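Me: I am new to this structure. Please show me how to read it, one feature at a time.

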Amino acid sequence: MELKINQQIKKFNAESLSVQSLLDLEIPNKQNGIAVAINNTVVPRINWNQHLVQETDEILIISATQGG
């Protein structure tokens, strides 16, 4: 499976991935304070295990930062 994540093409050895599975592969230790948008729509954290990503999806992983 080939996915576009944060404007970069990445390949995965899986036929289907949930949002949570994708995050476990991409950022296994930094999942607090993040949001995921697929095709410009935010996927609520409660749906990460059920929401499957498709090869045509544009995925944006956003990390919260502190600053002022």
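**Around S18**

Me: Which residues does S18 touch?

Reply: Contact means heavy atoms within 4.5 Å. Leaving out residues up to four places away in sequence, S18 touches W48, N49, H51 and L52. This is a predicted model: local features need pLDDT of at least 70, side-chain atom pairs count only at pLDDT 80 or more, and totals for chains, interfaces and linings use all residues. Residues are numbered from 1 along each chain as its sequence is written, and side-chain values use heavy atoms, with hydrogens and water left out.

Me: Is S18 buried or exposed?

Reply: Buried means under 20% relative accessible area, exposed over 50%, partly exposed in between (1.4 Å probe, protein chains only). S18 is buried, at 8%.

Me: Which side chain does S18 join in a polar contact?

Reply: A polar contact is a pair of N or O atoms within 3.5 Å; within protein, one must be able to donate a hydrogen and the other to accept it, and residues adjacent in sequence count only if both atoms are side-chain atoms. Here the side chains of S18 and S21 are joined at 3.0 Å.

Me: In what order do the strands of the sheet run?

Reply: Strands pair through backbone hydrogen bonds, parallel or antiparallel. Strands (E, at least two residues) are DSSP runs, numbered from the N terminus, and two pair if DSSP finds at least two bridges between them. Five strands form an open sheet, β2-β1-β7-β4-β5, with mixed pairing. β2 (8-11) and β5 (41-43) each have a single partner strand, so one side of each lacks a neighbour in the sheet.

Me: In what sense do β1 and β7 pair?

Reply: They pair in the parallel sense, over two bridges. K4 has E58 in β7 as its bridge partner.

How values were computed. Helices (H or I, at least four residues) and strands (E, at least two) are DSSP runs, numbered from the N terminus.
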